[in-house]
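Thanks, everyone; I would like to walk through a few local features of one model this morning. Please have the sequence and the structure open while I talk.

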Amino acid sequence: MPADPPGGGRAVAVWGIGVAVYFVAVIFRTSLGVAGLDAADRFHVNASALAAFSLLQLLVYAGMQIPVGLMVDRLGTKKVLTLGAVLFTAGQLGFALSPSYGMALAARALLGCGDAMTFISVLRLGTRWFPARRGPLMAQLAGLVGMAGNLVSTLVLAPVLHGVGWTAAFAGSAVAGLVVLVPLTLFLRDHPEGFGPAPSQHASGGFVRRQIRESWAEPGTRLGLWVHFTTQFPAMVFLLLWGMPFLVEAQGLSRTTAGGLLTLVVASNMALGLVYGQAVGRRQSARIPLALGTVGLTALLWAAVLAYPGDRAPMWLLVALCLVLGGCGPASMIGFDFARPANPPERQGTASGITNMGGFIASMTTLLTVGVLLDATGDNYRIAFSTVFVLEALGVLSILRLRPLALAREAAKGRAALPAQPEPVSRAGVFPEAAAREAP
């Protein structure tokens, strides 16, 4: 078995550069969540057209996951992260300056393409620079920093947007992309000296096919995808687009109060990320209970809010919903903890890309369906948000189907990785004189 990377202060510094790039990408990705109503007014579009912004961005993001995973495995982290930072910065700037709906859509697609290159690269940095036992915690910490980017969108970008206007707010935020490019190009390294991946011996076409086929053949990769699919999308849809309109239009809250509830989702996510990471790092058996428990609580709270008699749910129930939605992000990271041990180091990028597609496919489906149902039902949020239960049921069934095979395969690999135990040596073979004295 290859030796674990050493970790240490230098690993933290290099990993921190990659996480800073991801942090900025999340700010750009979620910036539309606090500007949804402003975007509808600026471009004169209805709910379905508004959903197309996030849908296209996520479609590009999800579609890029396997290509990005292959690029990370083939080209290394630094090149992919650098390209991603350039693309998402150009997309954010283009979104600020777009005079029309079509150009704004193109800018969000470009942003989604760059954003797609960040998280898998950060996961790869974690596996290359830190010991394997730290994998779950490093993944959760990366997700936590990403949620901090979401927090910046809610607390900083929203008031700036309403203070200085659309163009100044989005163009000013694009400067952050240029800032993170400096340490990225100067100081980031793919791996510590002596811990690089083995060079690939495959031709390009054979490499791509082999990576995808062998990664998908692992039950752990498929289980990781469905865990990510089932857990991530309720919070993603809420934060990315529909949370603010739901709280303002359906629940009658002010923008300030609604922004506070969105902030509560992010704060809960950050707190629970540390708890989930420690729990999974200490006990691998906690993965499935944490994932399914989060799904069950999310469904329960959404059902309580949507079925509450009267036009509006009470504040305490909305607070409870937001606290539970905070667990969706940390629970989705558990999907990578199934894909990681199922695949060797040279397939980690591809396997992570497949896993990461899950939640974004579910988010795209829900974003579009909610928008279409809102237009079809005259903004009936109860009917529109019922989509959540359909996708959660599909995901839970798939998790339960794949769980036995994936865990059995993982246990078999764990036993195969253990060092061979020496054959027992008889006392006579080592101490013949003592054996002779003890013989009857």
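Predicted model: local features only at pLDDT ≥ 70, side-chain atom pairs only at ≥ 80, totals over all residues.

Helix α1, residues 9-30, and helix α6, residues 119-129, pack at an angle of about 175°, and their axes are 9 Å apart; axes here are lines fitted to C-alpha atoms, for helices over the stretch in contact, with angles running from 0 to 180 degrees between N-to-C directions. The helices, like strands, are DSSP runs numbered from the N terminus (H or I with at least four residues for helices, E with at least two for strands). The pair α1 and α6 is therefore roughly antiparallel, given that angles over 145 degrees take that label, while under 35 is roughly parallel, 65 to 115 roughly perpendicular and the rest oblique. On the α1 side the contact is made by Arg10, Ala11, Val14, Trp15, Gly18, Val19 and Tyr22, and on the α6 side by Phe119, Val122, Leu125, Gly126 and Trp129, where contact means heavy atoms within 4.5 Å.

Residues are numbered from 1 along each chain as its sequence is written, and side-chain values use heavy atoms, with hydrogens and water left out.

Leaving aside neighbours within four places in sequence, Phe53 contacts Leu32, Ala39, Phe43, Phe95, Tyr101, Ala104, Leu105 and Arg108.

Now to the backbone: most residues other than glycine have a negative phi. His44, in the loop between α2 and α3, has a positive phi near 55°, and His44 is exposed at 72% relative accessible area (buried is under 20%, exposed over 50%, partly exposed in between, with a 1.4 Å probe and protein chains only). Asp379, in the loop between α15 and α16, likewise has a positive phi, of about 65°, and is partly exposed at 44%.

Finally, Ser386 sits in the loop between α16 and α17 and is partly exposed at 31% relative accessibility. A polar atom of the Ser386 side chain lies 2.8 Å from the backbone oxygen of Arg382.

Technical notes. Polar contact = N/O pair within 3.5 Å; in protein donor to acceptor, adjacent residues only side chain to side chain.
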